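Subject: Structure for you to look at

Hello,

Here is the structure I said I would pass on. Please open it and keep it on screen while you read the notes below.

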Amino acid sequence: MPTKHIYLRFLNLVHALEGSQKTPAMDLDAKKLLEVIAVRFAEQKPLTVTDAMALNTIASPATIHRKLDQLRELGMVDTVFEGKNRRTKYLVPTQVAHDYFEDISQVMHQALTQTA
């Protein structure tokens, strides 16, 4: 089966998942920001709030700030401190974010194993 069909099936399944009540409503900028936070956390190099504000490939600093607030309100990210340093806030995905990525992973697996 052509790879294009697998990807299109994946997109269709993701859109169905995101249309359900199970996943929080996020726009593309918020999703990109969440993905960067999750990848950096998985690499054991958590993103700081300052680092996030510099992600100009995603959006302007003002927009990033709004998206961080949105992700916090959705329960997708949290800020933590390391050690006694209270000046640097690190962004970490919450269990809600881990559950979201697990749902996306299941959809990806389904798209790969589903026969046309």
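The chain has 5 helices and 3 strands. In sequence order they follow the pattern α-α-β-α-α-β-β-α. Please keep in mind that this is a predicted model.

Some overall values come next. The C-alpha trace spans about 55 × 25 × 25 Å along its principal axes. Of the 116 residues in the chain, 34% are buried. The accessible surface is about 7,600 Å², and carbon and sulfur atoms account for 55% of that. If you take the contacts between residues at least 6 apart in sequence, 60% of them join residues at least 24 apart.

I looked at one helix in detail, α2, which covers residues 28-42. With 15 residues at 1.5 Å a residue, α2 should span 21 Å.

Which residues of α2 are buried? They are Ala-30, Lys-31, Leu-33, Leu-34, Ile-37 and Ala-38. Around the helix axis they cover an arc of only 165 degrees, which means that they lie on the same side of α2.

Both ends of this helix have something to check. After α2 comes Gln-44, which has a positive phi, near 60 degrees.

Regards

Technical notes: Residues numbered from 1 in each chain as written. Predicted model: local features only at pLDDT ≥ 70, side-chain atom pairs only at ≥ 80, totals over all residues. Heavy atoms only, no water. Helix = DSSP H or I, 4+ residues; strand = E, 2+ residues; numbered from the N terminus. Expected span 1.5 Å × (residues − 1). Buried < 20%, exposed > 50% of the residue type's maximum accessible area, 1.4 Å probe, protein only. Arc of directions from axis to C-beta. Contact = heavy atoms within 4.5 Å. Areas by Shrake-Rupley, 256 points an atom, 1.4 Å probe, with all protein chains shown as cover.
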